Amino acid sequence: MPDPYHYEVIVIGAGHAGIEAALASARMGRRTALLTLNADSVGQMSCNPAIGGVAKGQIVREIDALGGAMGVLTDATAIQFRLLNRGKGPAMHSPRAQCDKKAYQALAKLTVESQENLTLRQEMVESLVVQGGCVSGVRVRGGVVYHAKAVVVTTGTFLHALMHTGETKTEGGRAGDVSAQGLSGSLRELGFELSRFKTGTPPRLNGRTIDFSALEPQPGDPEPVAFSFLTDRIDAPQLLCHLTATNPAVHDLIRANLHRAPMYSGQIESTGPRYCPSIEDKIVRFAGRDSHQIFLEPEGRSTLEYYCNGISTSLPRDVQEAIIPLIPGLERAEILRFGYAVEYDYAPPTQLDSTLQTKLVPGLFFAGQINGTTGYEEAGAQGLIAGINAALVVSGRPPFVVDRSQAYIGVLIDDLVTRGVDEPYRMFTSRSEYRLLLRHDNADLRLTELGREIGLVGDPRWERFQVRRSRIDALNARLRSTRIEGTTLETVLRRPPTTWSDIVALAPDLKDETGDATVVEQVVIEAKYGGYITRQAEQIERFRRQEDKPLPADLNYAAIPQLRAEAREKFTKIRPRSIGQAGRISGINPADITTLMIGLRHGLPTVSPQIADSL
């Protein structure tokens, strides 16, 4: 029987990042341990039980295309699907699903428990074990040491976590759970910089006490768009969400109690997510607005609990109890759980390289909210990449890096490790220069082959992908070779008024050849946006030329006297892997890059990374 305390990869934390990291490592053949504070909380959705949304939906499709779990879990447990931004171009289309919170959590736990090469264990990790400058395991409460060649830290909001509801403070990273106190000290002892962020959650209500007749129903899509490329169709009945809003009376009450809100009383000093503000922040920042939307979203099929999306708060309990009856439809609503804010430690992500391995300790990886991000999707993406690279490190194989021209995952990680964060990071389509090519519908065409090469995409997914790709290629070939009055069908399809139905009317046999609606969608997009896609492909080629100009990891930037002091300091800290990455560092200008390239042509000396880090 294998030693229960010796593994190849250890993952700390079983949230969305930890699940993807552990599954990826195990599926790539590495003996993996997933250690968590509470084995009943695997995959728990601490905030809104929803997956996807603008840009986040693209990330989930990319996770799935690479062989990750989030898309499969979502399709199996969702209670409502919506494709956002249907009225805009395909680059903006973003799938979103409201999930059954308990069903998602249960299936995530079962998936982890069922995975070969993976051991789930309830443990409180208190410190990292480092030998010879490299990670060698973790020490848990009680003094037991787990040994491994690679460790992935995915602690979410639990690092030295403190919850706030008004003046009341409670240790914990989530209501009902404890705080991970020891690990922060261990990271600091190893030399890591830590800082603090804040996030929050709204009250939850008992649906039995909500007057839905006074609310605006928000139905799902009649034909749901699945997240996983393995899902053929969604047949489960969907539940309604509902819309209401705050009003001047609510705003006046909040203003009158701002002195009791931790963010405004000085009790909380850390930074919260600007793009997901608390209701207190909304009232202050948008003082001229009379109302803010509130989406009432069911938390599952077997509960009447409703999530109040739009009124995240850390106001005292009595204020929350006074606010809810002032909202239309909630006059008699009962609060089931009160809202709260949580402060937690994170490690500024410029301490990582593009594999999410720490620069300070080889074999140690960070993923998820410990890197200053917010959201299940961003966490899952980081966990997947960290788990892949942990498995590759153990195997002695080259690292796996997805760049920003290949995926939103690449944009996310490049932004983190190159630019760092000064607030909780959230993905938007606007963050990507190449969003026309990084659509949710073609994630498999961009990434599944890469997942296959590293050993994460199994035979069933690979075979399905090959069939889909061959159908797309065959249909494109037909459109290019079939002519109507001397004009190819592809050219006809490019004309703005033309729809696929028009093409089938011109060539009726195409109806039988397509079979899969997603194949038709792909072909239509490529035809309609062919000129834009070509131009963006040319931009990507220029980007890659810069990325292909490597910089030595031990380059002595102090030996370039012409560099500005700020540029020298930032290059030494970030240690960019290429000229392209160097140019994306905050505060670096084109003149700095020109100076750097001139210095490289003159053969600058290098130093050891240890010496460089002290410059």
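Modeller: We begin with burial: a residue is buried under 20% relative accessible area, exposed over 50%, and partly exposed in between, using a 1.4 Å probe and protein chains only. This is a predicted model, in which local features need pLDDT of at least 70 and side-chain atom pairs count only at pLDDT 80 or more, whereas totals for chains, interfaces and linings use all residues. Residues are numbered from 1 along each chain as its sequence is written, and side-chain values use heavy atoms, with hydrogens and water left out.

Colleague: What is its phi?

Modeller: R575 has a positive phi of about 50 degrees, although it is not a glycine. Most residues other than glycine have a negative phi. N117 is not a glycine either, and has a positive phi of about 75 degrees. N117 belongs to the loop between α4 (101-114) and β6 (118-122), and its relative accessible area of 33% makes N117 partly exposed.

Colleague: Which residues is V138 in contact with?

Modeller: Setting aside neighbours within four places in sequence, V138 is in contact with I10, I12, L35, V125, S127, L128, V129, V144, V145, Y146 and V151. Contact here means heavy atoms within 4.5 Å.

Colleague: And the aromatic pairs, how many are there?

Modeller: The count comes to 9 aromatic pairs. Rings of Phe, Tyr and Trp (its six-membered ring) pair if their centres lie within 6.5 Å; planes under 30 degrees apart are stacked, over 60 edge-to-face, and the rest tilted.

Colleague: Why is the pair of Y7 and Y146 stacked?

Modeller: The ring centres of Y7 and Y146 are 6.4 Å apart and their planes are at 25 degrees, so the pair is stacked. This pair links distant parts of the chain, 139 residues apart: Y7 is in the segment before β1 (9-12), and Y146 is in strand β9 (residues 145-147). Both Y7 and Y146 are buried, and together with Y5 they form one aromatic cluster.

Colleague: What sits over the ring of Y7?

Modeller: The charged end of R31 does, 4.3 Å from the ring centre. A charge sits over a ring if NZ of Lys or CZ of Arg is within 6 Å of the ring centre and within 35 degrees of the ring normal. Elsewhere, R61 lies over the face of F229, at 4.0 Å from the ring centre.

Colleague: Which residues of α2 meet α12?

Modeller: R61, E62 and A65 in α2 meet A443, D444, R446, L447 and T448 in α12. Helix α2 (residues 56-65) is mostly covered, with 10 of its 10 residues buried. Just after α2, G67 takes a positive phi of about 105 degrees.

Colleague: Changing topic, where is H16, and what is it in contact with?

Modeller: H16 lies in helix α1 (residues 16-27) and counts as buried at 7% relative accessibility. Apart from neighbours within four places in sequence, H16 is in contact with G43, Q44, M45, M70, Y104, Y376 and G380.

Colleague: Finally, is E297 buried or exposed?

Modeller: E297 is buried, because its relative accessible area is 3%. E297 is found in strand β17 (residues 293-298). E297 and Y307 are 10 residues apart in sequence and 5.1 Å apart in space, C-alpha to C-alpha. By contrast, E541 in helix α18 (residues 530-547) is partly exposed, with a relative accessible area of 43%.

Key. Helix = DSSP H or I, 4+ residues; strand = E, 2+ residues; numbered from the N terminus. Axes fitted to C-alpha atoms, helices over the stretch in contact; angles between N-to-C directions.
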